[in-house]
Amino acid sequence: MLSGYRVLDLTDERGFLAGRVLADLGADVVKIEPPGGDAERRRGPFVAGIEAPERSLPWLAANPGKRSMLLDLAASDADRDTFRQLVASADVVLESFAPGTMEGWGIGRSALEAGLPDEHPGLVYCAITPFGQHGPYAGRSAHDLICVAMGGNAFMTGDPARPPLRSSLPTAYMHAGPEAVVGILLALYARRDLGRGQGVDVSAHECQLATLITGAGQYALTGRLGQRSGYRTGRTREIWRCKDGFVSYGLRGGPARVGSLVASVEYMAESAMAPAWLQEMDWASYSPLTLSDDELDRLEEVFAAFFASKSMRELYEQALARSILLAPCNNAREILEQPQLRSRDLFVRVEPPGLDAVLEYPGFFARSSRCEIGLRGPAPRPGEHDAELRAELAGQPRRPSEPVPDDRIRLATHVGERGVLEGLKVLELGSGAAGPVATRYLVEQGAHVIRIESAKRPDFLRIMHVTKDNRDEPDIFERAPMFALLNPDKQSLAINMKQPEGRALVLRLIDEWADVVTENFAPGVMERWGLDYPVLGARRPDLVMVSGCLFGQTGPQRSYPGFGGQGAAIAGFNHMTGWPGQEALGPYATITDSLAPRFVASALLAALLHLRRTGEGQAIDVSQIETAVYSLAEMIVRCSASGEVMERMGNRSEIAAPHGIYPCRPDAEAGRERFIAIAALDDSQWRALCQVFETREWVADERFESLEARLAHVDELDASVAEQTAAHPAEALVQALQAVGVEAGLVCDFAQLVDDPQLAARGHFTPLPHESLGELLYERSGFRLSDTPGGLRAAGPRLGEHTREILSTILGLDAAEIDRLEAEEITV
C-alpha cells in the first residue's frame, strides 16, 4: 500500500514499532543509526549468547524489513550533509530525540523543510517523545515505566495491597508507535491538498490514556476513582488458577454471557463438579451485583475447584467446543504453538545473514485482499546499506512526488476546517469498543461516520448500566457513558438488520454513498446478511472494507466467542503482567481494545492512499489477537531463538535498577495513597538519585556500585528505595529527581489525569454537552498535526438520532416512506 514512499527512521525503542509498521505496509524504511549502531543493539539476550550489535534479539525483533545507514548526526558536518541529501529523497522523517535535539544539530524540521528542492511535495516530520513537543512536562525524560504510570494504567493494574503495576514489556511504545503511523498517514494524505508536509507530534504519555477505555472521562462524570482489583474485574474473579497455569474467565452476568455460563455449568456437571444449586441457577437473571459476599464466595469456590482440576489446554479445547468465554493465559511457547495463529500463517521464519540462526516473527498485523502487508526481510546489520544508499545519492537519487489521483474513483475528500478527511464517508457496523475507537481517528479529522445500530439488539455498551430497576426508563440507552464517550461526532442510523428491507437500506447506503465500510461482528454475520466483501467488492470495486474481530475472518477458531479480556490472555499480555509467581493479571481494562484500533486505522488510511493512487479498493482483515502478538514480537523472537520463555517481573527491568513503583507520603487531604515511578537507567542516574535521597553511602555499597550489582541485589535495592520514597510527598520528589536527570513520574489516578497540566496544555480533553448525561469530557488522540489539528465537536449520538435525516437527505426517501419503515419496525 505504501510502495513509493520512503521513511528515515531515527528513533530509539520508543519508535521502532512505528518504523516496522510503515515497512510492513510497503514503505522503504531506512534506519539511521549512530556509529556503532543504535544503543539498543547492546541490549541482550544475544543470538547464541554471543554479544555483538548485530545479534541483539530485542533489536532484531523490533526492526525487521528496514535498511541501515550509519551517520554521526551529533558531531559530523559531513554526515549531516549526507542526511540532508537523504531527506530530499524521503517523504517522512521519524525521530524520538528529546525536543530541540535535532534543532541543536541544525537539522530540525524547519531547517530540513527550507533545504528541500522546489519540486519536493513536502516533508512529513514525526517526533515521538514522552510528553510531546510543548507543555510543562515536554522537557522531562521518560521511558515506558514513567509513561504508563503517568498515563493512568499502572494505578489501576495489580493487587490493592501492593504497588501499582506495569506490563513487563513496554505497552507505552506499543500504543505510541502505531498512533504515530496514523498521524503520518494522515499527513501524507493531506499533502496533495496542502501542497506541503507538516509536523506530527506524538506524546507516548497521552497515548496511554486510550488504555483506560474512557476511564478519565467517566471519572469526570461520576467522581468514581476506581481501584486496583488484582485478579478481579469489579466484584467477580477474572483470572483463575488451573493445573498448569491460569485462565481468563469472567463470572459476570448480562445477555452476552448467559450462553457461556450455561455451557460452563453443563461442562462442570459432566465432571460431577456442579452441585444441584448451581445447576438450578437462572443465569438469564444472574447478576453478581445482587449477590451477597457469602453467595459470591460460594459460587467462586465451585468454579475455582473445577478450573484447578483441569489443564489450560483441556479448558480451552472445551471452551472452543462449547462456546464458553474462557481463554488460556499463554506464554510465548504456547503462542507459537497456537493452532489458529498457525493456520493463518502468522509466524514467519527469518534467517538473519551471518548469524547461523532461524528466528520466528509475527509476520503481519493485518491481511489485505489486494496488497501485501507483512515482514519484508530480516533486520539489518549496523550500516549494512551504507554503500548502497551512498551510491544512490551519488547517482540518480530518488525524487519524491505526489501520486496522480485515479480519475475513475468517486472518492472526494479534501482538507477543510474540520481536518484532513472532510468528504470521507464511512459506514460503521458492529458493537463494543475496538470498532468505534478506530473510526474516531477519522471523525477527529472531519470524516462523516454513520453507525448502524438497533434498539432490537442494542450495542452492549449501551446497556452495561441497565438493571431490572431502570430498564424500562425511556432514555435508558442514552445514559451509557462509555458508549457516548467512544462515539463522538458520529451519526446514528437505526436499522433492524434482521429484516430484509433493513439490510436492503444498508446495501443502498454502501452502493450510493459509502467510501469505507468498517465492521467488527463475529465472522460470518456480514456474509449471512449478504454484505460480505465478495458481494460488496463486486458491486463497488473502489470500496475499502475493514473487518476487525478477535481471531480474524479465517481459520479453525475464527468463531471463538471472546471479548478483549480473552484476547489479552491468548496473546500473552496476561502472562507478561503481574508479580513473579502470582496470577497472570494483564494490564487494566482490555488492552487489545486499545491496541487493535490503531492498527485498523493505520491499514485503513494506507488503503485510502492506495485507492486514491490506483482506484483499487480492498478488504482488510484485522485480528485483535494478532495485533497484540505482533506488538509482543520480542517475546516471540526470543523464544524462537533459544526456547526462552519470558516471565512477568512486576515493575522490574532487565536493563535498569532501580526500576519500579514505590510508595510516597499519602495525600492526607484527599485521603488517597500516592506512588512514584522511578527508573535509573545507568550509573550516573543512580548517583544522582543517591544525591537527592542524601544516601551517598549507597554509592560505595558494593551491592549497588554498578548496574550489574544492583540487578543482582534488586530485592534489597527496592526495599531501600521504598523506605526513602515513603518519607517524601510524591510531587516534590518527582521534581527533585527530574531536576537531576533521573526518570521519575507520579502514578496518576483518574482525578489527577483530569487535572494534569501537560494534558491540559495539549488540549487532550474536550468538554461537550450530552442530552442525557450532561457535560462529558471527550478525549483526543495522542498526536497532533501541525497544520490540520482537527478536533471533536459533538457528543455521541442518541440511538437512531439521525435516522430520518439520513434516509431523506442521503437515500431520498419521503416522509411517508420513512413513517412506514418506522411503523413496520424496519428502522428501530
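User: Why is Thr-214 called buried?

Analyst: In this predicted model, the relative accessible area of Thr-214 is 7%. A residue counts as buried under 20%; Thr-214, at 7%, is therefore buried. Thr-214 sits in the loop between helix 9 (204-208) and helix 10 (215-222). Although Thr-214 is not a glycine, its phi is positive, at about 75 degrees.

User: What makes Ala-589 partly exposed?

Analyst: The relative accessibility of Ala-589 is 34%. Partly exposed covers the range between the buried limit of 20% and the exposed limit of 50%, so Ala-589 at 34% is placed in that class. Ala-589 also has a positive phi, of about 70 degrees, without being a glycine. Its place is the loop between helix 23 (564-571) and helix 24 (591-614).

User: How do you know that Arg-349 counts as exposed?

Analyst: Exposed requires over 50% relative accessible area, and Arg-349 has 60% relative accessibility, so it counts as exposed. Arg-349 belongs to strand 12 (residues 347-350). Apart from neighbours within four places in sequence, Arg-349 is in contact with Val-358, Leu-359 and Glu-360. The C-alpha atoms of Arg-349 and Asp-297 are separated by 48 Å, the two residues being 52 apart along the chain.

User: How many aromatic pairs are counted, and why is the pair of Phe-306 and Phe-307 called tilted?

Analyst: With ring centres required to lie within 6.5 Å, the count comes to 24 aromatic pairs. The ring centres of Phe-306 and Phe-307 are 6.0 Å apart, and their planes stand at 55 degrees.

User: What places Arg-237 over the face of Tyr-231?

Analyst: Arg-237 lies 3.8 Å from the ring centre of Tyr-231. A charge sits over a ring if, for Arg, CZ is within 6 Å of the ring centre and within 35 degrees of the ring normal; Arg-237 is accordingly assigned to the face of Tyr-231. Arg-612 lies in a like manner over the face of Tyr-189, at 3.9 Å from the ring centre.

User: Which strands form the open sheet, and why is one side of strand 9 and of strand 11 left without a neighbour?

Analyst: The sheet has 3 strands in the order 9-10-11, with antiparallel pairing. Strand 9 (239-242) and strand 11 (326-328) each have a single partner strand, so they stand at the edges and one side of each lacks a neighbour in the sheet. On average, neighbouring strands of this sheet are turned by 30 degrees against each other, direction ignored. Helix 13 (residues 293-308) packs on the sheet and touches strand 9, strand 10 and strand 11. The direction of helix 13 makes about 45 degrees with that of strand 9.

User: How do you know that strand 10 and strand 11 are joined?

Analyst: Pairing needs at least two bridges, and 3 bridges join strand 10 (residues 245-249) to strand 11, the two running antiparallel. Among the residues involved, Val-247 has Pro-328 in strand 11 as its bridge partner.

User: Why does the span of helix 11 agree with what it should be?

Analyst: Helix 11 (residues 258-270) has 13 residues, and at 1.5 Å a residue it should span 18 Å. Its end C-alpha atoms are 19 Å apart, which agrees with that expectation. The buried residues of helix 11 include Leu-261, Val-265 and Tyr-267. Against its buried residues pack strand 10, helix 12 (276-279), helix 13 and helix 14 (312-322). Helix 11 is followed by Ala-272, which has a positive phi near 55 degrees.

User: What makes the peptide bond from Gly-44 to Pro-45 cis?

Analyst: The omega of this bond is near 0 degrees, and the bond is cis. Pro-45 is located in the loop between strand 2 (28-33) and helix 2 (57-62). The peptide bond from Ala-657 to Pro-658 is cis too, with omega near 0 degrees. Pro-658 lies in the loop between helix 26 (633-642) and strand 23 (659-663).

Notes: Residues numbered from 1 in each chain as written. Predicted model: local features only at pLDDT ≥ 70, side-chain atom pairs only at ≥ 80, totals over all residues. Heavy atoms only, no water. Phe/Tyr/Trp six-rings, centres within 6.5 Å; stacked < 30°, edge-to-face > 60°. Helix = DSSP H or I, 4+ residues; strand = E, 2+ residues; numbered from the N terminus. Axes fitted to C-alpha atoms, helices over the stretch in contact; angles between N-to-C directions. Contact = heavy atoms within 4.5 Å. Expected span 1.5 Å × (residues − 1). Buried < 20%, exposed > 50% of the residue type's maximum accessible area, 1.4 Å probe, protein only.
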